[in-house]
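The stops below go from single residues to the whole chain.

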Amino acid sequence: NLLLQISRLNAETDKEEVTFTIIQSYINYYKLLQNQKILAQHLEDVENKLTEIKKFEAQGLATKNDVLQFELEASKMKLNAIELENNRKIVNYNLVVLLGLPDGTAIEIDDVNYKLDLNDSFDTLLGMALKNRKELTAMQYQINLADIGIKSTKDEKLPTVGAGGNLYFINPTANIIPKTGSYLAPFIVGINVGWDIGSLYKNKNKLSESRLQQKEAANRYDMMRDQIKKEVNERYYQYKQALEKMNVLREAIKQAAENERIMESKFRNNLATTTERIDAQTLLYQSRIGLELAKSDATAAYYNLQKSTGHIEP
C-alpha cells in the first residue's frame, strides 16, 4: 500500500511538472508575440519619420545623411522582425509537440492573465509547501517503509508456530456409499514450533542494515525539507523583485516618452541631431518592450513560486 501511494505521488509530481512546463512555454510564446507587436509599432513610427525626413531633404531642411540614418534604423528593425518571427516559429513548434498537436498547427493564444497581485506572506507560502509538496510526503512514506523493514527483520528472530490437521475417510465395505456407521473417519491434529537458530546470527547484520536505511531515509527527508524552504524563499523574493522592476520600468517609460517628445521638438528646430532623435525613439521602444517582458517575467515568477508550494493554479 505504501509503494502504491508513493507511485501515485510520483505520478502527481510528473503531472505538475508537465503543467508548469506548458505554462512557462505559453508565457515565453506570449513574450515573443508582445515583442513582435511593439517592434511593429516602432518600425511603423520609424518609417513615418523616414517619409517625413525625405520631404525635409527635398526642401533642403535635412541632409542625405539624416535620411540614411533613418533608413539604417528601419533596416535594423526589419532584421529584428525576421529574427523574432523565426524564434516564434520555433517556439510554436515546440509548444505543438508539447501539447501533442499535429505538426503544422498554428498556436493562437489569448492575452496572458498577468499574476501581479499575490498577497500571501512568506510564512503562509512556506506552510503550504511543507504541507503540499508531494516529494516530501513520498519521502515520509519511504521512512515508513524503512520502519516496516526493521519490524520484519525483528520478526525473523521469533520462532514460527504452525497448526494443522488431517481427516481420513476409510470405507471397509465395497459399497460406494457406505451405510451409516460402516466407515471410519480418523483424524489427526497437531501443532509444530520451529526456530531457525542461524537467523540469530544473520539477523544482527540485517537489522543494522535496516536501521541504517531508516536513518538515511530520515536524513534525506530533512535535506529535502531544507531544500524546499530555500526554494520557496528564493522564488518568493524573485517574484517580489519582478514586481519592483515593473514599477521602475513604468517610470522609465514616462521619462523616455518625455525625452522623445523633447528630442522631436529639438529636431524640428534643428537643435538636435538625427542620431539623438533616433536614440530617443529607440530608448522609448526599449522601455516599452522592457515593461511587457517584465510583466510576463513576473507572471512566470508567480507560477514558479506556486510550483514551489506544491500547488499550481493556472
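Is Tyr-30 buried or exposed? At 6% relative accessibility, Tyr-30 counts as buried; buried means under 20% relative accessible area, exposed over 50% and partly exposed in between, with a 1.4 Å probe and protein chains only. This is a predicted model, in which local features need pLDDT of at least 70 and side-chain atom pairs count only at pLDDT 80 or more, while totals for chains, interfaces and linings use all residues. Residues are numbered from 1 along each chain as its sequence is written, and side-chain values use heavy atoms, with hydrogens and water left out.

**Aromatic pairs**

The structure holds six aromatic pairs. Rings of Phe, Tyr and Trp (its six-membered ring) pair if their centres lie within 6.5 Å; planes under 30 degrees apart count as stacked, over 60 as edge-to-face and the rest as tilted.

Select Tyr-30 and Tyr-114: they form an edge-to-face pair, 6.2 Å centre to centre with 70° between the planes. Tyr-30 lies in helix α1 and Tyr-114 in the loop between α2 (64-99) and α3 (122-132), so the pair ties together parts that are 84 residues apart in sequence. Helices (H or I, at least four residues) and strands (E, at least two) are DSSP runs, numbered from the N terminus.

Next, select Tyr-239 and Tyr-302, a tilted pair with 6.0 Å centre to centre and 55° between the planes. Tyr-239 is in helix α5 and Tyr-302 in helix α6 (residues 274-308), so this pair ties together parts 63 residues apart in sequence. Tyr-239 is buried, with a relative accessible area of 0%, and Tyr-302 is buried at 9%.

Then pick Phe-122, Tyr-236 and Tyr-237, which ring pairs link into a cluster.

**A charge over a ring**

Show Phe-20 with Lys-307. The charged end of Lys-307 sits over the ring of Phe-20, 5.4 Å from its centre; the criterion is NZ of Lys or CZ of Arg within 6 Å of the ring centre and within 35 degrees of the ring normal.

Ile-278 is found in helix α6 and is buried, with a relative accessible area of 7%. Which residues does Ile-278 touch, not counting residues up to four places away in sequence? They are Gln-69, Phe-70 and Glu-73, where contact means heavy atoms within 4.5 Å.

Move to Asn-270, in the loop between α5 and α6. Asn-270 is exposed, with a relative accessible area of 63%, and its phi is near 60°, a positive value in a residue other than glycine.

**The cavity**

Select Lys-49, Glu-52, Ile-53, Phe-56, Phe-70, Glu-264, Phe-267, Arg-268 and Arg-277, which line the largest cavity. On a 1 Å grid over the protein atoms alone, a cavity is a set of points where a 1.4 Å probe fits but cannot get out, and lining residues have an atom within 4 Å of a point. Its volume is about 50 Å³. The largest share of the lining, four residues, comes from α1.

**The whole chain**

Colour by secondary structure: the protein chain has six helices and two strands, in the order α-α-α-α-β-β-α-α from the N terminus on. Of its 314 residues, 35% count as buried.

How values were computed
1 Å grid on protein atoms, 1.4 Å probe; cavity = no way out; pocket = protein on both sides within 12 Å on 5 of 7 lines; lining within 4 Å. Points joined across faces, edges and corners; volume = space filled by probe spheres on them.
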